[in-house]
Amino acid sequence: MTSPTPSLELRNLSVSYRVRGIERSVLRDISISIAPGEAYGLVGESGCGKSTAAFAAMRYLPRNGSITSGSILFEGNDITSLDEDRIKDLRINAISMVYQNPVNALNPTLRIGKQVAEVFKLLGKSEEESIELTKEALRKVQIAEPASVMGRYPHQLSGGMAQRVVIAMAIASNPRLLVMDEPTTGLDATVEAEVLDLVRDLRRESGTSVLFISHNLGVIRTMCDRIGVLYAGSLVEEGPTETVLNAPNHPYTVGLLRCIPKGGLNKNSERLDTIAGTPPSLGANLPGCVFVDRCTIAVDRCKTEKPELVDNGSGHFSKCFLSDQAVNMPRAKVPVSPNAQATPTSKSPLLEIEHLSKTFTQDTNDVRVLTDIALSLGEGETLGLVGESGSGKTTLARAILGIISPDEGSTISMHGKKLDALLGKRSAEEVGAVQIVFQNPDSALNRRHTVARIVARAVQKLAGKSREESEELAQNLLRDMSVDALLHSVKPSQLSGGLKQRVAIARSFAGKPELIVCDEPTSALDVSVQANILNLLVDLQKRERVSYIFISHDLGVVRYISDRIAVLYLGRLMELGTSEAVFNGPHHPYTEALLSSVPAIDGSQRVRIRLGGEIPNPSKPPSGCVLHPRCPRVAGSGVEHLCTSVEPPLAEVEPGHFMRCHIPLTNLEKLQSK
Amino acid sequence: MGKFILKRIGLACVTVFIVTAAIFFMTHILPGNAAERILGPFAERSNVIALEKELGLNRPLPVQYFNWIKQTLSGSFGNSVQFKSPVEGVLFPSMLYSLRLASLAFVIVVPLSIFGGVVAAINRGKLIDRIITVGGLSAAVVPEFVWAVVLVLVVGVKLEWLPVTAYPDDGSSISTVFGYLVLPSIALVLVLFGYISRIARAGVIEALDSDYARTAILKGLTKRQAVNRHVLRNALLPTIAVIASQVPYLVGGLVAVEVVFNYPGFGSLLLTSVQYRDYPILQAGVLVVSVVIVGMQLIADILFAVLNPRIRQKVSE
Amino acid sequence: MSSSPISLKHTAAQERRTMRKERIAVLRSNKAFVAGVILVGFWILCAIVGNWVVPQRPEFLDMMVTDLPPSGAHWFGTDGLGRDVFARVIVGSREILVMASLATVIGTVCGSAIGLVTGYFKGRLDLFVMRILDAISALPVLVIALLALSAVGGSSAVITVLIIGFVFTPIIARTVRAAVLGESELDYVAAARLRTEKTPYILFNEILPNVLPPIIVEFTIRLGYAVFAIATLSFLGVGVALGSPNWGSQVAENYSGIFIDTWWSTIFPAAAIATLAIGINLIADSVMEAFEL
């Protein structure tokens, strides 16, 4: 069997960065081979070196980076030490890149047209030709009005639009290899789905090889033929996508897949598995297997010898001495018995929100970020808040907390008593009762204070304890959250992301919280750490009977942890109901589109419903139902005339299930079951 | 855009107003006045009072200030106390001299420091970078008069390359005038270079480290092409603001340099007027200086807004 | 958990120690920093012990020994009034160092306070204060100082210190304000409000510790400019007590000597000014770099 020359080959490549005077290993002896026309996914958590691998393929390393050993081959030619001139030619004609943050990747002071045309000029086209080709290129990436976009500046584009432009620039030269570094991270779910669809279509047309970098296994699954799993700069497993994801052979891959909340799992049925410990620090000296410190089946040999690549057949390799035992490795925690009672006992609702609206005034424009929200939340219940950019979910959270004051006429009540809109006017008990865990623990914890001080101060102010008492109580709280006593006198920058988030959670429990808003609490964390935090939150809820409003863009996580779900679009509540009702359907057309755009990690495919167009500007909302210009179910619904003219009210279509849609539930059911 | 410009001009006027009022009150509130100074410490009290009345110094301060504004707006600055002649006749010629000197310094320092900053940034970490950065900032912190004295000694006296007063005889050719102005300009340039080049360097470094510079390289541009087409236009934007902020230091530097070189510019005039408590000249001088400085900042602001698409778009909405 | 609690703390503490060690190592190896410390240290030493160490008294006039070039008896020569230049230069360090330090401290404290308040509250207060700060920076330091000092009579060290401090305030306020604007966006500030913390606590206990690095950097930079301003003012004949051996007036008094080849009485004080200013600047530069790590 003669295999064709690989499009890209990394052979025993090692790369290191010089940080503060010391060389640190970022890639350790990795070997990857991408066949022509193949899409190879490189997967790993933060710090594993995947971006470095992507840039190495482009022969582009930062000022302090260097290739310490190994080689890079493009179409069989060694390009490791190729001079800049030749590399430049390759970049113009053969290899292109798509970046993680598309708006930043474009020059803010040049118009889009000029930037895209530059690519064609480098290919030798004349000025006029380049402009024409630019228009065509933009059309090819499904930009409806190329001329208009060409005259704009990058900051005027949405993330999705900017990424299309970057893709247009990348494919302009018909490259033989396309390197994509987390191209859809940070984009809204529906936008991400569109961009991925586009990339798939383009690939099919041109047969380009793709090196696709991502931390999102679901995305990788839908895009790539083969995948490689990277951990601490080392390639631990590699093989055809389906094989690796269905039958992983390395303890890390197994652990990773177990951490992700899948399908119909929810907090009451099963705890998430976790991977103990944290990844090694950048450039650490690892004599044995890179994963040994966190592996549950490690033996002595793993600490001292580097494992070889084990062939598991049909192109599936793993770097482990015990790869056949990996799939059955013990779980980190004992699963909870399925009958554990966690459904909230129905009493009077804890939190009630009525007619909540918020209007921001920007210069002279009035922007209505939230319109007439009505919600209620019971004790010990989790309400998942779902929505894309412009949905207003962060504003809603902050209004409940009192950080933002909502418009006149909005009421927020706890236990029937109205909460003052201004935080400063609420009592200490009221403030302590409603707390938040922020998305970014680096921003949420004062980096100049020690962990103990952060929590103790909160106890002092919210629970009204004395200084000494607070210190002791803080120690207990932190120990409760598995933050070891020896770390209490440490500043947050010394802690890992997961530990920092635990400190933040400990702080939120300082008073007697009855409601905690979790604003994307695990989005900045790695998957393995995320599972840990989610388990912690679930445990705390069971013990303290605290309610959560859980905001996340990750629908799998929301489904796992929420009892009820609210779906927001452009500041309006589109759907509200139990987790099962909202996820299984029949559901609101927007929910339907949202759910279908999330690539599932277990490979299950929903019918893909596309939402055309872009999220409208909140200062100029569409007439009637705000979704109607993009709604996939408007045509043929029979109520089109209503959708365009009258905003539908939030109606109870089933007991406990609310929807803002003109289409009757039975019709939706019929349409969505096809 | 027009509204933006008008608003900025309005704010500038307010600033000038605050400045002149503040200086006026400050100089008049503290003890000692012009009449006493002119007549000397041994003068008769009655003579002093008579002169005070003549100069209008016995009126309440706000009235004095108001009179001064009225007078200025109608085009006259009053009479100089030390020269006993209209202020304009003394002030404007001196400002012209200073303008010559300042312009030469400005014309040398702006391109030089931008070039220095760009070179330092592109060669970040290498020796040339350290020399430009550390050297520039060290030079900036040494007072102009020290540079002036050293330059006079080394270049003027020991080497005899250039003349040591800045004021040639009337009727000399342009090149002679220029020759006389070189040394004092260098003293000013040495002090201004450091800060501007540092900001230019920082701007270029930020642009070089940016994602869009990376995109330019990965598109296939050479480093030089990337710098010229993408990096510089973004990097030099903040430099405009900093150049405007250096104008006050330029003006301040004129005073010391003109003293060392015995140059009859505005700086020397300011010094003598201060010694004589010559308020008409001081007030007029402060007004003109603040107009120039605030005006330069205004131009820089507007230029920045015009060149920066983000602000330009926001402004024209 | 396979990593024991003890090893966890050790790793955290180790990280901290290695980072600090690395920072210090970088600083120490930074030749500029070392040079700066040596220069400034030398002058501080002179300021403290100068008076007792110099061979001649700085005020001692001797019309028999005027304008002598540097020699064994007079290391820096004598000036036009027969005074020993070396003694005058060494002793002159005290005045300028004390004044510059005081002025910078005043400016830093006031500027930081203003920056904290305007950066946190923003709104109309911010706009109003920024207007006033703009007005203060619309005139050169020197001009304001000249005007103020002339009004008082010309020789007041106190007024000089106050004026320079006053003029530094807007510059420092602007830097601090920018830093505070950035900090107040961060979530820990919202978290503090969600603990019912009052504004003074938030400003001084939450935000201030995080804006200390830029404040320190500004302080060291301003110190250099304070030396600059005081030297220039004393050169122009204002701002310092008459008769004291300050460097600026030494240069002014003896400047004409350059043309008749008695350069030492001018150049040595000028060099003193230069070395002190440059020394401070080298330290400031290195500190700034260190904080960027």
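The dialogue below takes up the features in turn.

Me: What conventions apply here?

Reply: This is a predicted model, in which local features need pLDDT of at least 70 and side-chain atom pairs count only at pLDDT 80 or more, while totals for chains, interfaces and linings use all residues. Residues are numbered from 1 along each chain as its sequence is written, and chains are lettered from A and ligands numbered from 1 in the order in which they are written.

Me: How many helices and strands does the secondary structure of chain B come to?

Reply: Helices (H or I, at least four residues) and strands (E, at least two) are DSSP runs, numbered from the N terminus. Chain B has 14 helices and zero strands. Among its contacts between residues at least 6 apart in sequence, 72% join residues at least 24 apart; two residues are in contact if their C-beta atoms, placed from the backbone, lie within 7 Å.

Me: What percentage of the 317 residues in chain B do buried residues make up?

Reply: A residue is buried if 20 or more other C-beta atoms, placed from the backbone, lie within 10 Å of its own, exposed if 12 or fewer, and partly exposed in between. In chain B, 44% of the 317 residues are buried.

Me: How many Å does helix α10 of chain B span between its end C-alpha atoms?

Reply: The expected span of a helix is 1.5 Å times one less than its number of residues. For the 13 residues of α10(B), 223-235, a straight helix would span 18 Å, but the end C-alpha atoms of α10(B) span only 15 Å. There is also a bend of about 35° at Arg229(B), where the bend is the angle between axes fitted to the seven residues ending there and the seven starting there. Buried residues of α10(B) include Ala226(B), His230(B) and Asn234(B). The buried residues of this helix pack against α5, α8, α9 and α11 of chain B.

Me: Against which elements do the buried residues of α12(B) pack?

Reply: Their partners are α5, α11 and α13 of chain B, together with α5 of chain C. Among the buried residues of α12(B), which covers residues 266-276, are Phe266(B), Leu269(B) and Val274(B). Arg277(B) follows this helix and has a positive phi, near 55°.

Me: How many residues of chain C are in contact with chain B?

Reply: Here 40 residues of chain C are in contact with 39 residues of chain B. The largest share of the chain C side, 10 residues, comes from α10(C). That side divides into 30 nonpolar, seven polar and three charged residues. In this division Ala, Val, Leu, Ile, Met, Phe, Trp, Tyr, Cys and Pro count as nonpolar, Asp, Glu, Lys and Arg as charged, and the others, Gly among them, as polar.

Me: How many residues does the largest nonpolar core have?

Reply: In soluble globular proteins, nonpolar side chains tend to be buried together. A nonpolar core is a set of buried Ala, Val, Leu, Ile, Met, Phe, Trp, Tyr and Cys residues joined through C-beta atoms within 7 Å. The largest has 379 residues, and those with the most contacts inside it include Ile549(A), Val149(B) and Val227(C). The element that gives the most to this core is α8(B), with 18 residues.

Me: Why does Asn12(A) count as exposed?

Reply: Asn12(A) is exposed because it has 11 C-beta neighbours inside 10 Å. This residue lies in strand β1 of chain A, and its phi is positive, near 45°, although it is a residue other than glycine.
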